[in-house]
Amino acid sequence: MRALGRVAWAWLLLLQLAGASHVVYDYENLEVEAAADTVPPSIVDPLLRTGYHFQPRKNWINAPLYYKGWYHLFYQYNPKGAVWGNIVWGHSVSRDLINWVALKPAIEPSIASDKYGCWSGSATTLLDGTPAIMYTGVNRPDVNNQVQNIAYPRNKSDPLLREWVKPTHNPIIVPRGGVNATQFRDPTTAWRHADDGHWRLLIGSVDSAARGVAYVYRSRDFKRWTRARRPLHSADTGMWECPDFYPVSRAGRRVGVETSEAEVKHVLKNSLDLRRYDYYTVGTYDRKAERYVPDDPVGDEHLLRYDYGNFYASKTFYDPAKRRRILWGWANESDTAAGDVAKGWAGIQAIPRTVWLDPSGKQLLQWPVEEVEALRGKSVTLKDRVIRPGQHVEVTGIQAAQADVEVSFEVSPSALAGAEPLDPALAYDAERLCGVKRADVKGGAGPFGLWVLASANLKERTAVFFRVFKAAGSNKPVVLMCTDPTKSSLNPNLYRPTFAGFVDTDISDGKISLRSLIDRSVVESFGAGGKTCILSRIYPSLAIGKNARLYVFNNGKADVRVSRLTAWEMKKPLMNGA
Ligand SMILES: *[C@@H]1O[C@H](CO)[C@@H](O)[C@H](O)[C@H]1NC(C)=O
Ligand SMILES: *[C@@H]1O[C@H](CO)[C@@H](O)[C@H](O)[C@H]1NC(C)=O
Ligand SMILES: *[C@@H]1O[C@H](CO)[C@@H](O)[C@H](O)[C@H]1NC(C)=O
């Protein structure tokens, strides 16, 4: 088991925990048993199970696809919750990305080249409209030897794509010529150049110098694939899992782009196995040389992340129905393994996000798909409310455990002038900066923001906030966005890092917005219109269900104006029968 790639390991862990009464692996087992009697009763409260975030009845991974009016999500799933040979591709369908119906599994181990595992992959729509799924199979029990397989729908007229068949020419790609067979996985969606008629796809790997690598494979017929001489890109980061590569409109328009032919930039995303976060760069794809070059020469030092919180192994797909690119990410749990066993479920998907290029061209913007707004129910609004230094104001009149909050803040020029100096030693380390300057540490311009999933006496509260600094030398305002869960729960056995990212926004007019999707044990926040995003898992012991409250707070030295805040209760959609 130790030989497994870490992402597979993480999935496996979750899959087994989710479904299993016995946990079959070895060293984690000890920890689970040791901790088993310390699971606080609040952890198993059904009101902590997320309400409108995608989750199967038990567990997963993803490959999204749109076909004949239906969105499809495929995810790794263990129906028996037993040994890992049982892992199958679970399958759910939706008309609106919000209400989900579970179908029977789409892909199960059944051939020599996937007998010991059907791992992550992607879907590609071929020229005649046929969808194809390409996925990593494990074909040996002793070492984890990874090959790539393909499957097609049995009946193309079935919009639900209920049955998948694996042609006899599987596996279609095997590790050869110096490729590390134990680190060779997660094929991307393929793309095709009309001028040479070749399809291309990427496979994530690591080379002998520990550089993360995205190999390019090419095919004319989608059957015989050959590796390009050089990888699309590589960087000194360790293994690249779940690579994703796609065009975005250079004009910074919100519409998605399907092919590389228009005026586009490209985005390359990799899930860094060593760091467990999803990093991306914006750059140029040289089609002739089959190479990708990030615009920012230090981009590969991974300054940009989709999400500065709990978000991994994500994947995008192009939605032709609404001409947009949609990003799906996976968020694991932050309670103990024993807690997961006790509650019987683990792992959610983030709310699908529309992604597009920021007009600056330097980064992406992300926003929850508009469909999620259909879940909005009863609402309350605050307007022109001044929050004085040290003050907090409760937002009452809705149940706040399952809510969507949009707020526009305004800090005055004099408040900005009183911003704290930014310690140059922390100027590139948002997470550490937030760890030092937490929500309760008084500042100049901020910290200000929301306390979500808070208890009545504020013993429990999770802060989602901004803090403005002055850059050394230039005095230019630097905005930090932070989620501070250190006071989120009286339960001591939780992973609760202060997640944070800088927000590349011009705050000289004093204005900044925040949106938070709160869903019982998760808060997913979008700063400055989706420039910086943070997903955090939280398990209150008091602020559960009707006892969860919402506040606006200001711990800065100057007034902060809430020009407008609207909070909606969120309804529960159909969620795979759970
Ligand atoms: C294929 O799917 C269509 C649409 O669901 C259905 O009407 C038809 O009976 C299916 N054909 C077979 C052979 O299952
Ligand atoms: C493959 O990668 C793993 C993990 O990085 C490493 O331990 C192993 O030595 C590599 N194998 C080869 C043949 O390079
Ligand atoms: C999942 O949770 C643990 C903490 O329990 C964390 O250390 C790990 O890095 C998380 N993320 C992923 C992608 O596995």
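This is a predicted model: local features need pLDDT of at least 70, side-chain atom pairs count only at pLDDT 80 or more; totals for chains, interfaces and linings use all residues.
Before you start: local features here need pLDDT of at least 70, side-chain atom pairs count only at pLDDT 80 or more, and totals for chains, interfaces and linings use all residues. Residues are numbered from 1 along each chain as its sequence is written, chains are lettered from A and ligands numbered from 1 in the order in which they are written, and side-chain values use heavy atoms, with hydrogens and water left out.

**Stop one: ligand 3**

Select ligand 3. Around it, show Arg-276, Tyr-312, Trp-330, Asn-332, Glu-333 and Tyr-495 (a residue is near if one of its heavy atoms lies within 4 Å). Taken alone, ligand 3 exposes 360 Å², and the protein buries 69% of that (Shrake-Rupley areas, 1.4 Å probe).

Now color the shell by class. Three residues are nonpolar, one is polar and two are charged (Tyr and Trp count as nonpolar, Glu and Arg as charged).

Next, look for polar contacts (N or O atoms within 3.5 Å). A polar side-chain atom of Asn-332 lies 2.5 Å from an oxygen atom of ligand 3. For Arg-276, the corresponding distance to a ligand oxygen is 3.4 Å.

**Stop two: Lys-166**

Move to the loop between β8 (164-165) and β9 (184-185), where Lys-166 is found (strands are DSSP E runs of at least two residues). Lys-166 counts as buried because its relative accessibility is 19% (buried means under 20%).

Follow its side chain. A polar atom there lies 2.4 Å from the backbone oxygen of Glu-108. The Lys-166 side chain also makes a polar contact with the side chain of Ser-110, at 2.8 Å.

Finally, show the neighbors of Lys-166. Leaving out residues up to four places away in sequence, it touches several residues, including Ile-107, Pro-109, Asp-114 and Tyr-135 (contact means heavy atoms within 4.5 Å).

Note on methods. A polar contact is a pair of N or O atoms within 3.5 Å; within protein, one must be able to donate a hydrogen and the other to accept it, and residues adjacent in sequence count only if both atoms are side-chain atoms. Helices (H or I, at least four residues) and strands (E, at least two) are DSSP runs, numbered from the N terminus. Buried means under 20% relative accessible area, exposed over 50%, partly exposed in between (1.4 Å probe, protein chains only).
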